[in-house]
Amino acid sequence: MREIRALRILEFPAIRDRLASQCQTALSRSNALELTPDFDEPKVWKLLDQTREAYDLLGTAPPPSLYGVADCRDSLKRAAKGGMLGGQELHQIGTALGAIRAMKDHLEHQEKPNLKDISIGLCPEQKVEQELLYCLDGDGTIVDDATPTLANIRSRKKGAHARIIERITSYTTGRLREYLSDPIYTVREGRYVVPVKAEHKGKIKGIVHDSSATGSTFFIEPDDVIAATNQARQIDAEEREEEKAILTMLSRKVAHIAEATSGSLVHLAELDLIFSKARLAAEMKAALPIRKGGNFIRIQGGKHPLLDPMKVVPLDIQVGQGNSVLITGPNTGGKTVSIKTVGLFVAMLQCGMLPPALHVEFGHFTQLWADIGDEQSIEQSLSTFSGHLKNIASALNNLQPGALVLLDEAGAGTDPAEGAALARAILEEFALRGATLLASTHYGELKAFAFEAEGFQNASMEFDQKSLRPTYRLILGAAGASQALKIAEKYGIAPHIVERAKAGLSEQAQDIAAMLQQLENSQKQARAAQSEADRRAAELKELEAKAERKLKEAEDIRKRANERAHDAIESTLREIRIQSDDIFDRLKKYGGNPEATQRAKKDLQALDSLGKDLSKKFKSEPKPTTTQAQLKKGDTVQVLGFQQNGILLDEPTGREVQVQIGAIRMKVDIRKLIPVENPKPKATSRGKVNIEKTFNVTTEITLRNQRAEEAIRILEKFIDEAILGNAPFVRIVHGKGEGILRQITQDYLKQHRDVKSYRDGDPTEGGQGVTIANFA
């Protein structure tokens, strides 16, 4: 039972064929068809790391195509010995050099250390590559411009050929055409001839090359055509000599790089094989293995790589790390396919290939042994009992700790009692020698053994009692009945024969069968209940997530509503402050007029009442985060909804306290105050209140045609409003004129503490007729 035999039994050559179909170079295809698993742990993980890196690059930075790269090593060897290579061979070498250079350039820009290590062996020779591809066409033909001499010869050759055609056509179209049996010319043995009628043979001077079967026509090469043809042939000889010289020159250049290029081709094929493994993994929807210690494999959702992925039932199993599995269940239930799937997965992983599964955990095995003598093998292996024993003996004699041993129908083919006893002894010996076993059986004694023995676990292939068909699902931890009588009845054995067989079973056998059947039914019900519980738990989790999303949406809606209310309050309060400024201006101007003063006071009272009404209307419930104990008179506080800090004017005794923000005094709910530690001084303009968000702020004013005093008053009010509205800059149009308004404007801006900078407008903004002031 050699490892090579195990690969054949597992149908691994079919996997190699699939891998070879992904290869792009001839050499990598040859390597793929000879691929075998590696059993050295560091090498196994290096192979898997290489494939992992290539798999990553397929999705982010695919490698350059290697199609058309031939295995040129024999040609390179001949060139190194001084031989002259043909044009096609040289062009293939040029193509290979181009692929070597492209692959090396590609990997140099990728952070893939394992692939970079291989690319170090790639030796590009761009100068030779360019010369080969410049001189030769894809079919190996030397191009006209390969050398000036060849270009001249090819030009003369075209002229000579044209003269031949011109002269020969003069006979088919000129005055001598009446001597021809047909007005055409033909080529006989490389010579141009015309068909001359026998009676006019002497009318055209030349050499007779042939005649018709009837003798009525002679094929004559005219004398002047002979001269032109001889001249063309002489040029042909010159062309051949020049082509030979070019091929010799190119072959010598290739000889100098032959050894390095041969090595590069080997490394290029290695990289192509790695990328082929990655391409096959993508095609099979494979899983990247998670590295585990010891000799172990765990598969979730695994599919046999040679079966139709749309039809095969996924496999869930784990073996190794002191856990061997004994599979029982009905015939044709999938036991052998399950064993082969695990064996193929291990063989693929230890070749650096990724198996088709949802999840794989893996720790390498030191050997792979298989004794599967069923009709499902591609090669129709028909092992006898003695053949099985010979294979098992070979495995035991050469076994290493950490090996994976696959046995199908252990102990079958002989007396059941002796076979079961022998199979048990063999399984125990393999386990004692450090091997991991995956075996199948129909023996009840072995099922009991797996229940009792340490390091063994039963597993069964599920069987549907209603349809009398296997489901091909592997159930770990359960021993399955063989269902031989039910399957016999399903496949056409007469019912009375089946009944007679049942009657022939001992009571103990019937009890064991009934017990196994009852156990299997109980386990199926338990799995169904667990599945339903998992489904309900998933539904509950989804409902919880949905409720959480709804609560979050409701909170977002509430926050947006509060923001809109605050925005409305802030916008209105800004307008109130602007109107208050207008009233203060009227009081300044008409302070001596009692009637005007009284009207201004009434306006202020109305505005104050409006501000209180708005605050009550849009007030949101604040979070009671601040208490009286945290505040005292003179503290700096932040009022929710305002950007500028305020000063506490009174000792807090009730729910409200008086706060001054700039020039405004207001009563504020204590819960809307946040104490400010180490407040930073912030400049304000005329006691204005900065609101977080304002609307309709005017950023441009025109002062043209205003007197100086009026211009200053208008400018002062405009700047205050802009600062109150958080405008980042303003544009002041004063015109050029004599420059008086410009000087007044810039003198005012220079002294204003909230103006960070100002400048004349640029030509597109109005030049010196405009001043731009910045507040930030």
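1. Just after helix α5, G82 takes a positive phi of about 100 degrees; helices here are DSSP runs of H or I with at least four residues, strands are runs of E with at least two, and both are numbered from the N terminus. The model is a predicted one, in which local features need pLDDT of at least 70 and side-chain atom pairs count only at pLDDT 80 or more, while totals for chains, interfaces and linings use all residues. Residues are numbered from 1 along each chain as its sequence is written, and side-chain values use heavy atoms, with hydrogens and water left out.

2. Which residues of helix α5 are buried? In this helix, residues 73–80, they are S75, L76 and A79, where buried means under 20% relative accessible area, exposed over 50% and partly exposed in between, for a 1.4 Å probe and protein chains only. Seen down the axis of α5, these buried residues fall within an arc of 100 degrees, so they line one face of the helix; the arc is that of the directions from the helix axis to the C-beta atoms. The face turned away from the buried side carries the exposed residues D74 and K77.

3. The cover over the buried residues of α5 includes α6 (87–108) and α10 (223–284), contact being heavy atoms within 4.5 Å. The axes of α5 and α10 come within 8 Å and cross at roughly 140 degrees; axes are lines fitted to C-alpha atoms, for helices over the stretch in contact, and angles run from 0 to 180 degrees between N-to-C directions.

4. The contact is made by A708, A711, I712, L715, E716 and I719 of α19 and by L741, I744, T745, Y748 and L749 of α20.

5. Two residues deserve a look at their backbone angles. Most residues other than glycine have a negative phi. Q321, in the loop between β7 (315–320) and β8 (324–328), has a positive phi of about 55 degrees although it is not a glycine. N705, in the loop between β20 (700–702) and α19, has a positive phi near 70 degrees and is likewise a residue other than glycine; at 82% relative accessibility, N705 counts as exposed.
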